[in-house]
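Please consult the sequence and the three-dimensional structure shown below while reading.

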Amino acid sequence: MLRLVCLLACAGSAFAQGELTVVDSQGALRPLKTWRYVTGTRKLAWLPEKTEALELREENSTSLVQGILTFVPLENIQSIDFDAAKKTVAVNVLVADGKTVTLTGTTKFLGINKIAIETDVDLGDFGKAAALYVGGAERNGIRAIRFPNPKPAAVVPQGKLAKIVGLDKEKSKHEAVGLTPLYQTGPTWETKPHLHFKPTTQIEFANVVRLKYHPPIDKKQPAYYELAAGDGNMAKFVLLETPKLAGLVGRVPAGYRLFPLHTIAELLAEK
């Protein structure tokens with residue numbers, strides 16, 4: 001979908017240069033000399049290099065609308081393909097061994113797996129306008145994005161493998177390496193090595209081998225977590241509301257995976 005809008009400052013990344021190619025709704029190739037992402041990407045603020053990544057909700061990210069998210073660094077993406085009829089998106093990623101892996105997701109939910117790219121259009125005597133190419137739209141959305149010179153993804157570092165059971169009816173199964181707590185302060189995310197529980201308990205996450213969620217017994221009671229550290233003994237804890245634990249983030253071959261707190265039923269980690 002191509003839309004012309006007033007050239008105003010808006011949220012999104014800074015303009016990049018190179019040659020990004022968009023395949024429009026009619027199949028025509030649209031090379032972009034300068035562009036920026038308005039929606040669909042996120043700066044990974046907890047990383048020193050503030051990597052910009054595609055925010056993808058994969059097919060197996062629980063049956064929850066706000067599910068588990070995969071952050072795919074843009075520099076590793078070869079192409080993104082949208083199928084308006086099937087309401088799907090496929091992301092082709094160049095991974096560390098030089099092979100391509102394809103991640104898929106649905107575009108049927110509002111605001112999920114959508115991407116908008118802004119570029120300048122010269123209208124002659126009328127000046128310039130910002131053109132938006134929208135992927136994941138139900139009508140007249142772009143068919144694909146082709147990325148210039150993708151780089152292989154970084155090797156997943158050595159670390160503890162964690163297995164997570166999703167908090168959904170299917171009890172979906174997920175894995176990631178090197179999970180760490182991700183805390184949210186306003187719009188900013190940062191990683192910390194500890195879990196914080198009421199009233200003043202602080203537990204080193206690296207020592208956690210099991211974490212299990214228990215819903216509230218009634219409205220007057222809070223949810224709690226059973227947790228086992230290195231000795232394997234389970235104890236019950238209630239999370240502190242501040243700082244806010246957004247979830248757990250870890251590495252996968254295509255980038256980073258965020259398990260929001262509300263998606264986690266149980267975690268089992270290697271000792």
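On a 1 Å grid over the protein atoms alone, a cavity is a set of points where a 1.4 Å probe fits but cannot get out, and lining residues are those with an atom within 4 Å of a point. The model is predicted: local features need pLDDT of at least 70 and side-chain atom pairs count only at pLDDT 80 or more, whereas totals for chains, interfaces and linings use all residues. Residues are numbered from 1 along each chain as its sequence is written, and side-chain values use heavy atoms, with hydrogens and water left out.

**Cavities**

- The structure holds two cavities of 30 Å³ or more; a volume is the space filled by probe spheres set on the grid points, which are joined across faces, edges and corners.
- The largest cavity contains about 50 Å³ of space.
- Its lining comprises Leu54, Glu55, Leu56, Ile80, Phe82, Val89, Asn113, Lys114 and Ile115.
- Strands E5 (52-56) and E7 (77-83) each supply at least two residues of this lining, and E5 gives the most, with three; strands (E, at least two residues) are DSSP runs numbered from the N terminus.
- Six residues of the lining of the largest cavity are nonpolar, one is polar and two are charged; Ala, Val, Leu, Ile, Met, Phe, Trp, Tyr, Cys and Pro count as nonpolar, Asp, Glu, Lys and Arg as charged, and the others, Gly among them, as polar.
- The second largest cavity holds about 30 Å³ of space.
- Leu195, Phe197, Leu211, Tyr225, Leu239, Leu245 and Leu261 form the lining of the second largest cavity, which divides into seven nonpolar residues, no polar and no charged.

**Gly135**

- Gly135 lies in strand E11 (residues 128-135).
- Gly135 counts as buried because its relative accessibility is 0%; buried means under 20% relative accessible area, with a 1.4 Å probe and protein chains only.
- Not counting residues up to four places away in sequence, Gly135 touches Phe82, Asn113, Lys114, Ile115 and Ile142, where contact means heavy atoms within 4.5 Å.
- Gly135 and Val23 are 112 residues apart along the chain, and their C-alpha atoms are separated by 10.0 Å.

**Thr263**

- Thr263 is placed in the loop between strand E22 (255-260) and strand E23 (264-269).
- With a relative accessible area of 0%, Thr263 is buried.
- Leaving aside neighbours within four places in sequence, Thr263 is in contact with Thr62, Leu64, Gln66, Gly67, Ile68, Val165, Gly166 and Leu167.

Conventions
Helix = DSSP H or I, 4+ residues; strand = E, 2+ residues; numbered from the N terminus. Buried < 20%, exposed > 50% of the residue type's maximum accessible area, 1.4 Å probe, protein only. 1 Å grid on protein atoms, 1.4 Å probe; cavity = no way out; pocket = protein on both sides within 12 Å on 5 of 7 lines; lining within 4 Å.
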